[in-house]
Amino acid sequence: MRRGHETIQKKGIAYEQLGQYEKAIAAQKKALLLNPNYLHSLFRLGSAYRAVAQYEEAIAAFKKVIHLNPNFLPAHIGLAASYSLADKEEKAHAEAKEVLRINTKFSVDGLFAKDFRFTCYKGDQKDVYINALHKAGLK
């Protein structure tokens, strides 16, 4: 049986996949009330914030994930993209180096083909994300 915060987190993912980012943010915040350090809700919260151009909030969420799990690659990727979108180029490039430290074979194309956390991005959101990662120095 799934714990309450996990069920709410999954609803948040569903909202995110439907492009209902404000509902996704609300769901992840609710999950975090039940489990404040739930890594997956923190990550999805950062992703939803980035999707609605709330970059400082996205950055804070991804940093908290990294504090909890320093080698959680998806959070480093999300942080690099968020820095890039927030025009914090130097920090974006530094975070891109962290991505490559963790996975020397990282590729943007591979990310969207293989990682379920990123396959939900479609259309404009996917293009914005890809461009942000390229701007950060990732190929």
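Ala 61 touches Leu 42, Leu 45 and Gly 46, leaving aside residues up to four places away in sequence. In this predicted model, Ala 61 lies in helix H4, which covers residues 55-68, and Ala 61 is buried because its relative accessible area is 7%, where buried means under 20%. A further distance places Ala 61 relative to Gly 78: the two residues are 17 residues apart along the chain, and their C-alpha atoms are separated by 9.6 Å.

Turning to the whole protein, the secondary structure consists of eight helices and zero strands, so that, read from the N terminus on, the order of elements is α-α-α-α-α-α-α-α. The radius of gyration is 14 Å, close to the 14 Å given by the globule rule for 139 residues, and the protein is therefore as compact as a globular protein of that length. Other values for the protein are collected below.

| Property | Value |
|---|---|
| Box filled by the C-alpha atoms, along the principal axes | roughly 40 × 30 × 25 Å |
| Buried residues among the 139 residues | 47% |
| Contacts with a separation of 6 or more that join residues 24 or more positions apart | 56% |

The axes of helix H5 (residues 73-85) and helix H6 (residues 89-102) come within 8 Å and cross at roughly 160°; since angles over 145 degrees count as roughly antiparallel, H5 and H6 are roughly antiparallel to each other. The crossing of H5 past H6 is left-handed. Among the residues making the contact are Leu 73, Ile 77 and Tyr 83 of H5, together with Lys 91, Glu 95 and Val 99 of H6. Sorted by class, the contact of H5 with H6 has nine nonpolar, two polar and three charged residues.

Notes
Residues are numbered from 1 along each chain as its sequence is written. This is a predicted model: local features need pLDDT of at least 70, side-chain atom pairs count only at pLDDT 80 or more; totals for chains, interfaces and linings use all residues. Side-chain values use heavy atoms; hydrogens and water are left out. Helices (H or I, at least four residues) and strands (E, at least two) are DSSP runs, numbered from the N terminus. Buried means under 20% relative accessible area, exposed over 50%, partly exposed in between (1.4 Å probe, protein chains only). Contact means heavy atoms within 4.5 Å. Axes are lines fitted to C-alpha atoms, for helices over the stretch in contact, and angles run from 0 to 180 degrees between N-to-C directions. Angles under 35 degrees count as roughly parallel, over 145 as roughly antiparallel, 65 to 115 as roughly perpendicular and the rest as oblique. A crossing is left-handed if the near helix is turned anticlockwise from the far one by less than a right angle, and right-handed if clockwise. Ala, Val, Leu, Ile, Met, Phe, Trp, Tyr, Cys and Pro count as nonpolar, Asp, Glu, Lys and Arg as charged, and the others, Gly among them, as polar. The radius of gyration is taken over C-alpha atoms; the globule rule is 2.2 Å times the number of residues to the power 0.38.
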